[in-house]
Structures are given as structure tokens and as C-alpha cells.
Amino acid sequence: MGTLRTGGLTRRGSGRRAADLEYAVLDMETTGLDPREGARIVEIAVVRVRGDGKVVEEFSTLVDPRAPVSGQEFHGIGESDTVGAPTVGQIVPRLARILSGAVVVSHNLDFEERFLASELVPAGLPAGQSGLCTLRTLRSQVDLARYSLPKASYVLSGDWPTGQHTALGDARACAKLLVEMIANAPGELRYRGPAPRTLPVPGSGAEEVRPKRRTASVGELPPPGVWEARWRPLELDPLLCGGLFGPHDRAVAEMSASRDARTRRRAAAAAAMVGGIAAGGLLAGIGRLLDRGVSGRAG
């Protein structure tokens, strides 16, 4: 089983109503981009939010990476900031509780999943929870020039996110984006993917470690704003919406969506034709039976 079982949001048909689910919106600050090259987590935050925008719970802490802290030009975290912070292994029970029963969400979930797999799961975090990438989802549903979290937030709602490059600030911005996507969709959004799991909490009898926070919680999310968005008439396949998503990638995804739409129309037309033929045959059969009944009575 993979670290996450990723699903997606769709305006087409089946799935669970997105507004009815709870989401654990996750963000990390790290010492680099690739854990295979030694990058480690130095801050993590989770905002648990309902699909209607109600914040259920928040958690954030700096993390002692047990390694040199680099990347200060991006996240602003220095060596002294992580002194006294819990290690990854110490925060696993708290993370398991806040992720349990929720869809795990991040803006570019591929990045967070690499660190889940390299640090948190080996430290005891249960794998296999449901996942959702807001970056892929936004690309599949809305036509924008840029899809980074701050730029998309500004273009769609008119507000720049606060607390950028802090784990809690970015998690709250992602949660706001998700809630506004659900509220502004031209059709009801549904989550199509594995159901969220209740996770076992490792070391649940142990005393909880106190987090070392860098960013204060500010309570509820603001009410969802009204987007000035060009929703795509044809949804793109989220699997084709990863990476840099340059012009060639967009064109491939849009061509695939058009091809899939034609296939669905042909299938629907064929089903209607078969249904019509079947209905016609049934009516003809009923007519013959009625004719026989009338003939029998006349005899």
C-alpha cells in the first residue's frame, strides 16, 4: 500500500459530496527539495477543516531535524529555532490523530508525500490514508495562467495569503483555497477516491510531546469569497496535471479531455439507441399479445 491513496474532485456524477467530508490540510517546511539528497522536515502544520469551511483543529510545530538546517532563505528557520523542538518520531502520535478519518490535502501533494514516505511513515505514522492534491485539482477544474498557492489565491479571491513560507500559514491558505473551490464550483464537487480511514495511533499511551510553534493560530477561516474564475467546461484528468504543467502539458490534458468527452457522448448515444430498440421490441411484443387476445375473444 502506498503512503497515500490519492483521489480527486469531480463535477461528474459519482463520489462523496466534497462538502460533507473533513480534510487534514498539510504543509511542511524542509531543508531542501529531495529527501534522497538529505533534505529533512523542519516545520509541519495540519489544519483540519470541514468542507463547509469550519476549522475543526490545528496543529503546528517546528521539528528538530537532527541535521544541519539549510534553506533559511526560503523558510527563515535557523539552527537555534529548532533547539528544543520535537523530533519527527515524537510528533507521529499527534499527527496520526489529526489525520485519522480525514482526506489528507496539500498544494502539490507529491512533495509532501515524499517526506511522509522518507521520515514520518518510517517513524510510525500509518500509511494508506486518502489524499487530494489541490494543485492538480485546481489545474483540472479552473483555467489560470499560474497555479502556485499565493498567485492562485490572489487571482481567485483578491487576497494574498498571510504567513507565506510558514507551515501553518501555507496550510491555512491551502485550506481556504479548497473550501472556496467547493463553494464556487458551477456544479456540485464530489470526492472520487478511497474513503478516509480511521488510523491507529502509535504510542497512544505515551505522554504527548509539547510542540514548538512558530506561528500563532488565528482561529476560523474567513468566509469563502466569490471567485472570478474560468471554470473549465471539460474537466482535465488530474493525473495529467502534475509537474510544471507547461503549454505542451496543458495541450495534452485538454486533448485527452476532449477525446474522453466524445467517447462518453458516443457511449450515451449507443445506450439510448439500445434502450430505444429494447423499448420498441417490448411495445411490439405487448401489441402482438393484445392482438392475440382480441382475436381469441372474437373467435
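T3 lies in the segment before strand β1 (4-6). Helices (H or I, at least four residues) and strands (E, at least two) are DSSP runs, numbered from the N terminus. The model is predicted, so local features need pLDDT of at least 70 and side-chain atom pairs count only at pLDDT 80 or more, while totals for chains, interfaces and linings use all residues. Residues are numbered from 1 along each chain as its sequence is written, and side-chain values use heavy atoms, with hydrogens and water left out. At 16% relative accessibility, T3 counts as buried. Buried means under 20% relative accessible area, exposed over 50%, and partly exposed in between (1.4 Å probe, protein chains only). T3 touches E113, L116, A117, V121, A127, G128 and Q129, with residues up to four places away in sequence not counted. Contact here means heavy atoms within 4.5 Å.

Strand β7 covers residues 103-106. V103 and V105 point one way from this strand, whereas V104 and S106 point the other way. All four residues are buried. Strand β7 is joined by three bridges to strand β4 (residues 22-30), and the two run parallel. Two strands pair if DSSP finds at least two bridges between them. A24 stands opposite V104 in β7. Three bridges also join β7 to strand β8 (residues 129-133), again in parallel. V105 has L132 in β8 as its bridge partner. From β7 the chain crosses through helix α3 (residues 109-120) to β8, and this β-α-β crossover is right-handed. A crossover is right-handed if, with the strands pointing away from the viewer, the path from the first strand over the helix to the second runs clockwise.

An open sheet of three strands has the order β2-β9-β3, with antiparallel pairing. Its edge strands are β2 (8-10) and β3 (16-17), each of which pairs on one side only. Two bridges connect β3 and β9 in the antiparallel sense. R17 stands opposite R190 in β9.

A175 lies in helix α6 (residues 167-184). The residue is buried, with a relative accessible area of 0%. Its contacts are V25, V47, V49 and L221, again not counting residues up to four places away in sequence. A175 and R259 are 84 residues apart in sequence. In space, their C-alpha atoms are 33 Å apart.

A search of the whole structure finds four aromatic pairs. Rings of Phe, Tyr and Trp (its six-membered ring) pair if their centres lie within 6.5 Å; planes under 30 degrees apart count as stacked, over 60 as edge-to-face and the rest as tilted. Y147 is buried, with a relative accessible area of 5%. F245 is also buried, at 3%. In a further pair, the rings of W227 and W231 have their centres 5.8 Å apart and their planes at 20 degrees, so the pair is stacked. Both W227 and W231 are buried.
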